[in-house]
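Here's a quick tour of one model, taken a piece at a time. Have the structure open as you read.

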Amino acid sequence: MITFRDFLQEDKSGKLMHLTHLEDLMLDEGLAGMRRAIEVLREFRNMLIGGGVSKAMHVTTKWDGAPSVVFGPDPADGKFFVATKSAFSKAPKLMKSHADITDTYGSEGVAQVLHDCLSELALLHPTRVLQGDLLFSGGRGVKSQSIDGTNYLTFRPNTILYAVGATSALGQHISRAALGIVIHTMYAGAGTLEHLHATPITPAVFSALKKTNRVVALDAAYDDVSGNATFTTDEDAEFSLLLSRIGTLAQRIPALIYTTLMTEPLHAIVNMFLNQQVRGGHAHASKQTLDALSLFLSARQDKEMSSRSSAEGKEKVRQTFTVMLDAVRTNQQAFAEWFELHTAITDAKLLVIRKLAQASRVQTFIPTADGFRVTGPEGFVAVSHAGKMVKLVDRLEFSRANFLAPKEWQ
């Protein structure tokens, strides 16, 4: 039996590089991933009918911060450093001085942010390597804004505009600070940076950080301070029906389909297709989904063939895509049900996200041409007691916007 604690995923190196969407576990891990996704949803139901507390997992809020910053004492020499995710590349870029930053990044873009991080995050006196998402600093600072008649301090690190009451305790701290960061991960282990492993930051480690007016350091841990994160009877009935549908679909899909979709290059192609569907605003599987996948495969085949100069190379591409197209066309019913299952898991996930969002302590908006549209947090991360993680994000709301937004943080 697969338990909740076994199910989640982190980078194979033990570093927090990428989190899998809950509904994509069945694509990445096949039949086992499907079962694990169901186990996660069941555990969320237990949490949301039990007063917003789970005994089997820890839930953190996924802030829309950027860039992701790694910082702390370098295990190799004990010197404080800051870095982007490049801290975990084959040639890590650990910035231990302002000269290092200028030499590596010049004077624009991420360099300015790293200068701020090097000066300010050192004031926290971390005793281990930590990772968080930057909320504001320097030129990407805090503004005073009135939204719907309420005075806020706002900051927009990426897609979401965060708004904190100007006179609240948090607002007053923000008004005095030079930098804001939400910290979600700590690294444990012995030896050099490459030997460390990611785990969610514990309350003890977070509370041990030195307090300073210069830095607003927030803990990503989900906290239902409002007491609203509990399913009503109707919500629980709706969620239970979705779980039943998910179970029915899962049983109908042959194991071979899960295996086929895990196999490269079809796995990579379907992943690209799903991302294209998100960018195009297509949330649900329909009768046209398989037709769209076939068209996507054909277009991708043309693109790959045009990039090959030899007849042999073109023929190899043609054969590869013929196999994939044949797999889809000869298993249309099973593939259609796989996409229906993917959609049903997504629908259940959205119910969880919307309920958890009711306990948010910071107002969130998306700027539009007509002003500000109220939205929820970017999403949430479920963390097992073993420290493994998976994300729950409203992809149409945020992933689509992030796909279309320019990326400055490399």
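Let's start with serine 86: setting aside neighbours within four places in sequence, this residue is in contact with Ala91, Pro92, Lys93 and Tyr105. Bear in mind throughout that this is a predicted model. From there we move on to a helix, a pocket and a cavity.

**Serine 86**
- You'll find serine 86 in the loop that runs between strand 3 (80-83) and helix 3 (98-105).
- Is serine 86 buried or exposed? Its relative accessible area is 13%, and the cut-off for buried is under 20%, so serine 86 counts as buried.

**Helix 11**
- Helix 11 takes in residues 311-330, 20 residues in total. From first C-alpha to last it reaches 28 Å, close to the 28 Å expected at 1.5 Å a residue.
- Its buried residues are Gly313, Val317, Phe321, Met324, Leu325, Ala327 and Val328. They sit on the same side of helix 11, because they cover an arc of only 155° around the axis.
- As background, an α-helix has 3.6 residues a turn, so residues three or four places apart point the same way.
- What covers that buried set? The cover for the buried residues of helix 11 includes helix 9 (266-279), helix 10 (289-306) and helix 12 (332-357).

- Two or more lining residues come from each of helix 7 (233-252), helix 9, helix 12 and helix 13 (395-404).
- Which helix gives the most to this lining? That's helix 12, with nine residues.
- Sorted by class, the pocket lining has eleven nonpolar residues, seven polar and seven charged.

**The cavity**
- The count comes to one cavity of 30 Å³ or more, and the largest cavity has a volume of about 30 Å³.
- Around the largest cavity are His58, Thr60, Ile183, His184, Pro200, Ile201, Asp219, Ala220 and Ala221.
- Strand 1 (57-62) and strand 8 (179-188) are the elements that give two or more residues to this lining.

Methods:
Residues numbered from 1 in each chain as written. Predicted model: local features only at pLDDT ≥ 70, side-chain atom pairs only at ≥ 80, totals over all residues. Heavy atoms only, no water. Helix = DSSP H or I, 4+ residues; strand = E, 2+ residues; numbered from the N terminus. Expected span 1.5 Å × (residues − 1). Buried < 20%, exposed > 50% of the residue type's maximum accessible area, 1.4 Å probe, protein only. Arc of directions from axis to C-beta. Contact = heavy atoms within 4.5 Å. Nonpolar A, V, L, I, M, F, W, Y, C, P; charged D, E, K, R; others polar. 1 Å grid on protein atoms, 1.4 Å probe; cavity = no way out; pocket = protein on both sides within 12 Å on 5 of 7 lines; lining within 4 Å. Points joined across faces, edges and corners; volume = space filled by probe spheres on them.
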